[in-house]
Amino acid sequence: ASARDDHTGGDPRDVLREVYGYDGFRGDQAAIIEHVVGGGDAVVLMPTGAGKSVTYQVPALVRPGTGLVISPLIALMHDQVDALVANGVHAAYLNSTQTPAERAGVERAYLSGDLDLLYVAPERLSVASTSALLQRGRLSVIAIDEAHCVSQWGHDFRPDYLALGDLAERFPGVPRMALTATATRETHRELTERLRLSDARHFVASFDRPNIQYRIEPKVDPRRQLLAFVRAQGEGAAGIVYALTRKSVEQTAAFLQGQGIDALPYHAGLPAETRAANQSRFLRDDGVVMVATIAFGMGIDKPDVRFVAHIDLPKSVEGYYQETGRAGRDGEPATAWMAYGLGDVVQQRRLIDASPGDRSYKMRLGQHLDAMLALCETVGCRRQNLLGYFGEPSAACGNCDTCLEPPDTWDGLVPAQKLLSTIVRLQRERGQSFGAGHLIDILRGAGTERIRQQGHDTLTTYGIGADLSDQEWRSVVRQLLARGILVARGEYGTLALAEPAGAVLKGEAQVPLRRDVLTRATSSRQRRP
Ligand code: ADP
Ligand code: ZN
């Protein structure tokens with residue numbers, strides 16, 4: 001008898017026990033399943049490892065019909081289907097790697113009602129024949145996995161996801177779920193709108209990973225810093241070191257090997273056999289350090305990864321959080337460590353400038369980078385900054401570098417006031433607003449064409465901030481943005497004051513800034529106030 005014969009109409013808890021062997025539901029799982037089994041739509045935001053899969057698999061097993069799972073990663077599809085089949089579930093997938101005969105077999109099984117779960121890639125659904133096929137059978141639930149891919153704001157946008165908005169019309173009466181581990185408020189709003197889930201119930205789990213300790217330090221001698229960090233993790237600790245380029249992956253892996261560390265490289269440019277062999281050594285053996293590009297990690301289920309290190313600045317907080325989230329999935333203490341430097345920022349700004357895409361796209365990439373830098377430069381708790389970015393309020397954690405060893409700070413009140421009053425003046429006296437670059441030029445007394453044209457060299461604040469470098473000013477701006485003192489608006493990222501700015505202007509708020517921000521490796525330190 002198939003799992004479907006056994007479980008249709010059954011109790012979710014029995015299905016959980018019999019099919020998966022779990023004793024009970026975790027977190028919101030039971031509530032989500034009850035809601036969906038009852039026919040409701042759901043938006044599920046849960047961090048990686050929290051257990052999203054059972055929230056759509058169990059309804060698919062309990063409700064009559066086949067659960068349709070839309071998933072962007074073909075490799076993951078294989079693994080998930082294999083694991084389900086091993087548990088006695090009738091699961092299959094449709095994708096481009098199959099032969100026509102294999103596809104026909106899956107289609108027949110679906111139409112005869114023999115499938116509990118059917119996985120498809122989003123691009124398959126745009127094919128008219130697939131859509132027609134699905135309409136001839138019976139669906140129990142539609143689950144859109146990695147739903148943040150529909151968001152143009154996010155870092156994983158996939159155009160095929162946009163077409164998923166009309167699933168409600170194509171399959172009326174079938175409950176729909178959108179699931180993701182990546183969701184800032186903006187992404188959450190966007191995916192709800194684009195997937196037309198306005199009537200859905202939202203289940204938002206905490207994104208906190210309390211067992212992960214966050215540590216971020218400026219690059220001074222990156223290799224030595226990495227080596228010291230890896231050695232401090234002790235023998236037998238498995239970890240992932242993320243680097244931006246293939247070349248840096250190979251050089252770093254070779255360097256660590258030369259220091260007696262069991263390091264292996266992984267990037268998309270290596271032969272498939274090498275990648276597979278390195279990956280299986282990482283999964284199987286103790287204490288392997290995988291040096292990789294971000295091509296590595298999605299769908300890797302290794303619970304005892306003790307550390308994730310970034311030797312290059314990630315492009316966004318979302319990406320950083322997803323990558324660091326691969327550490328400590330067993331709940332034991334783990335560390336997320338990163339070294340970043342001015343070179344990273346310069347390199348990324350160059351990549352953004354050179355990237356294809358319109359102005360607003362580049363603007364968005366720039367905002368992602370700024371949010372990432374704000375995390376690096378915060379004098380407050382890293383976790384609080386991270387969770388705040390995902391819209392989750394929290395207290396200082398006591399388990400990150402800034403909580404454990406409060407950083408050396410300088411008083412940024414006066415520079416903050418200079419910047420804020422420049423913005424206020426331009427607004428009040430001339431009805432103008434500008435982005436960070438031009439405001440910093442005014443403060444530093446730059447003689448640019450634009451300053452002359454606008455007559456900004458006659459402002460009283462012109463040149464009053466020449467004591468700080470351009471980089472230092474940018475850091476001031478990022479911190480004010482991260483703390484909600486400033487907001488960036490519109491396509492040009494023009495800066496405006498937010499409510500807490502009043503207290504700063506009156507001198508009633510403190511604006512502590514890190515001393516070690518992006519300048520340790522440069523020579524501009526002596527210019528600090
Ligand atoms: P996500 O998709 O949210 O990253 P998964 O669905 O892959 O998470 O689940 C993460 C891990 O937790 C898996 O190993 C899964 O078997 C396990 N898991 C999920 N739900 C439960 C539960 N109720 N009880 C025990 N283990 C669970
Ligand atoms: Zn903290």
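This is a predicted model: local features need pLDDT of at least 70, side-chain atom pairs count only at pLDDT 80 or more; totals for chains, interfaces and linings use all residues.
User: Are H15 and H16 roughly parallel or roughly antiparallel to each other, and why?
Analyst: The angle between H15 and H16 is about 165°, and angles over 145 degrees count as roughly antiparallel. H15 also passes H16 in a right-handed crossing. The two helices are therefore roughly antiparallel to each other.

User: Which residues of H15 and H16 meet, and how many of them are nonpolar, polar and charged?
Analyst: From H15 come Val-345, Gln-348 and Ile-352, and these meet Lys-362, Leu-365, Gly-366, Leu-369 and Leu-373 in H16. Sorted by class, this contact of H15 with H16 has five nonpolar, two polar and one charged residues.

User: How do H19 and H20 lie relative to each other, and why?
Analyst: Helix H19, residues 413-430, and helix H20, residues 436-444, have axes 10 Å apart and pack at an angle of about 110°. Angles of 65 to 115 degrees count as roughly perpendicular. H19 and H20 are therefore roughly perpendicular to each other.

User: What is the handedness of the crossing of H19 and H20, and which residues make the contact?
Analyst: H19 passes H20 in a right-handed crossing. On the side of H19 the contact is made by Lys-418, Leu-419, Thr-422 and Ile-423, and on the side of H20 by Leu-439, Ile-442 and Leu-443. By class, the contact of H19 with H20 has five nonpolar, one polar and one charged residues.

User: How many residues of H20 are buried, and which elements do they pack against?
Analyst: H20 is mostly covered, with seven of its nine residues buried. These buried residues are Ala-436, His-438, Leu-439, Ile-440, Asp-441, Ile-442 and Leu-443. They pack against H19, helix H21 (449-454), helix H22 (470-482) and strand S16 (494-497).

User: Which residue just after H20 takes a positive phi, and of about what value?
Analyst: Helix H20 is given as residues 436-444. Just after H20, a positive phi is taken by Gly-445, at about 70°.

User: Is Leu-386 buried or exposed?
Analyst: Leu-386 lies in helix H17, residues 382-389, and, not counting residues up to four places away in sequence, Leu-386 touches Val-317, Tyr-321 and Leu-375. Because 25 other C-beta atoms lie within 10 Å of Leu-386, and 20 or more are required, Leu-386 is buried.

User: Where is Pro-407 found, and which residues is it in contact with beyond its neighbours in sequence?
Analyst: Pro-407 is found in the loop between helix H18 (401-404) and strand S14 (409-411). With 17 other C-beta atoms within 10 Å, Pro-407 is partly exposed. Leaving aside neighbours within four places in sequence, Pro-407 is in contact with Val-379, Thr-402, Arg-514 and Asp-516.

User: Which residues surround ligand 1, and how do they divide by class?
Analyst: Ligand 1 is surrounded by Tyr-22, Phe-25, Arg-26, Gln-29, Met-46, Thr-48, Gly-49, Ala-50, Gly-51, Lys-52, Ser-53 and Val-54. The residues of this shell around ligand 1 divide into five nonpolar, five polar and two charged.

Definitions and conventions: Residues are numbered from 1 along each chain as its sequence is written. Chains are lettered from A and ligands numbered from 1 in the order in which they are written. A residue is near a molecule or strand if its C-beta atom, placed from the backbone, lies within 6 Å of it. Ala, Val, Leu, Ile, Met, Phe, Trp, Tyr, Cys and Pro count as nonpolar, Asp, Glu, Lys and Arg as charged, and the others, Gly among them, as polar. Axes are lines fitted to C-alpha atoms, for helices over the stretch in contact, and angles run from 0 to 180 degrees between N-to-C directions. Helices (H or I, at least four residues) and strands (E, at least two) are DSSP runs, numbered from the N terminus. Angles under 35 degrees count as roughly parallel, over 145 as roughly antiparallel, 65 to 115 as roughly perpendicular and the rest as oblique. A crossing is left-handed if the near helix is turned anticlockwise from the far one by less than a right angle, and right-handed if clockwise. Two residues are in contact if their C-beta atoms, placed from the backbone, lie within 7 Å. A residue is buried if 20 or more other C-beta atoms lie within 10 Å of its own, exposed if 12 or fewer, and partly exposed in between; C-beta atoms are placed from the backbone.
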